[in-house]
Amino acid sequence: MVLQEGVNLDHAFSLEKPRLLVVDDEPDTITLLKHLFQGVGYDVSGAFGGREAIEKTKAINPNIVILDLMMPEMDGWQTYQRLREFYDSPVIAITALDQAESIVKTLEMGVDDYITKPFFQSEVIARVQAVLRRANQARKANRLGFSSIDLILDLESK
């Protein structure tokens with residue numbers, strides 16, 4: 001399998017590759033994650049805060065959002081709540097907060113995964129791919145049930 005390099009969604013837009021939005025108030029973190037995911041075939045966009053993340057999510061409809069929790073103005077928890085008003089794809093928190101209370105709070109809110117900084121690049125890629133795999137499996141229906149007539153159609157076995 002040959003991977004093609006992804007593009008920077010702040011400059012171009014493609015419907016063929018998975019789209020990822022990185023939200024962080026640290027430009028270096030955004031740059032690192034953009035290069036990392038472009039290198040493995042994702043189209044990537046960056047947002048420097050919660051308000052910009054909401055605008056970009058509406059504009060590009062990413063397959064997944066990587067969201068920092070500690071940001072000025074609108075923190076990651078507030079941003080997540082606003083995103084959930086219109087966006088139902090996966091969100092992964094990426095933060096320097098490593099206290100159990102923060103991790104539990106974030107996961108209980110519904111965030112799909114939690115990564116602490118500093119992180120291993122290969123781990124971030126693996127976690128994003130795992131979350132996307134689970135999200136895509138959940139969307140694939142392989143059985144249709146019609147309870148009113150006691151009929152189940154199995155789409156895989158026909």
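Helices (H or I, at least four residues) and strands (E, at least two) are DSSP runs, numbered from the N terminus, and residues are numbered from 1 along each chain as its sequence is written. This is a predicted model, in which local features need pLDDT of at least 70, side-chain atom pairs count only at pLDDT 80 or more, and totals for chains, interfaces and linings use all residues, while side-chain values use heavy atoms, with hydrogens and water left out. By that assignment Pro118 falls in the loop between strand 5 and helix 5, and the chain as a whole holds five helices and seven strands.

**Chain overview**

- Read from the N terminus, the elements follow the order β-α-β-α-β-α-β-α-β-α-β-β.
- Of the 158 residues in the chain, 44% are buried, where buried means under 20% relative accessible area, exposed means over 50%, and partly exposed lies in between (1.4 Å probe, protein chains only).
- Among contacts (heavy atoms within 4.5 Å) with a separation of 6 or more, 60% are made by residues 24 or more positions apart.
- The chain exposes about 9,300 Å², of which carbon and sulfur atoms supply 51%; the areas come from the Shrake-Rupley method with a 1.4 Å probe, and for residues only the protein chains shown count as cover.

- Five strands form an open sheet in the order 2-1-3-4-5, with parallel pairing, two strands being paired if DSSP finds at least two bridges between them.
- Strand 2 (43-47) and strand 5 stand at the edges with a single partner strand each, so one side of each has no neighbour in the sheet.
- Neighbouring strands of this sheet are turned by 20 degrees against each other on average, direction ignored; the axes behind such values are lines fitted to C-alpha atoms, for helices over the stretch in contact, and angles run from 0 to 180 degrees between N-to-C directions.
- Strand 4 (residues 91-95) and strand 5 (residues 113-116) run parallel and are joined by four bridges, with Ile92 opposite Asp113 and Thr95 opposite Thr116.
- Together with helix 4 (residues 100-109), strand 4 and strand 5 make a right-handed β-α-β unit, a crossover being right-handed if, with the strands pointing away from the viewer, the path from the first strand over the helix to the second runs clockwise.

**Helices on the sheet**

- Helix 1 packs on the sheet and touches strand 1 (19-23), strand 2, strand 3 (64-67) and strand 4, its direction making about 170 degrees with that of strand 2.
- Helix 2 (residues 50-60) also packs on the sheet, where it touches strand 1, strand 2 and strand 3, and its direction makes about 150 degrees with that of strand 2.
- Helix 1 (residues 27-38) has 12 residues and spans 16 Å from its first C-alpha to its last, close to the 16 Å expected at 1.5 Å a residue; the expected span is 1.5 Å times one less than the number of residues.
- The buried residues of helix 1 are Thr29, Ile30, Leu33, Lys34, Leu36, Phe37 and Gln38.
- An α-helix has 3.6 residues a turn, so residues three or four places apart point the same way.

**Backbone geometry**

- Most residues other than glycine have a negative phi, and most peptide bonds are trans.
- The peptide bond from Lys117 to Pro118 is cis, with omega near -5 degrees.
- Asn61, in the loop between helix 2 and strand 3, has a positive phi of about 45 degrees although it is not a glycine, and this residue is partly exposed at a relative accessible area of 44%.
- Glu73, in the loop between strand 3 and helix 3 (76-83), is another residue other than glycine with a positive phi, here near 65 degrees, and Glu73 counts as exposed at 75% relative accessibility.

- Asn63 lies in the loop between helix 2 and strand 3 and is partly exposed, with a relative accessible area of 29%.
- Leaving aside residues up to four places away in sequence, Asn63 touches Lys17, Pro18, Arg19, Tyr87, Ser89, Pro90 and Leu132.
- The C-alpha atoms of Asn63 and Leu20 are separated by 5.9 Å, although these residues are 43 residues apart along the chain.
- Ser122, in helix 5 (residues 121-139), is exposed at a relative accessible area of 57%, and its C-alpha lies 9.1 Å from that of Leu36, 86 residues apart in sequence.
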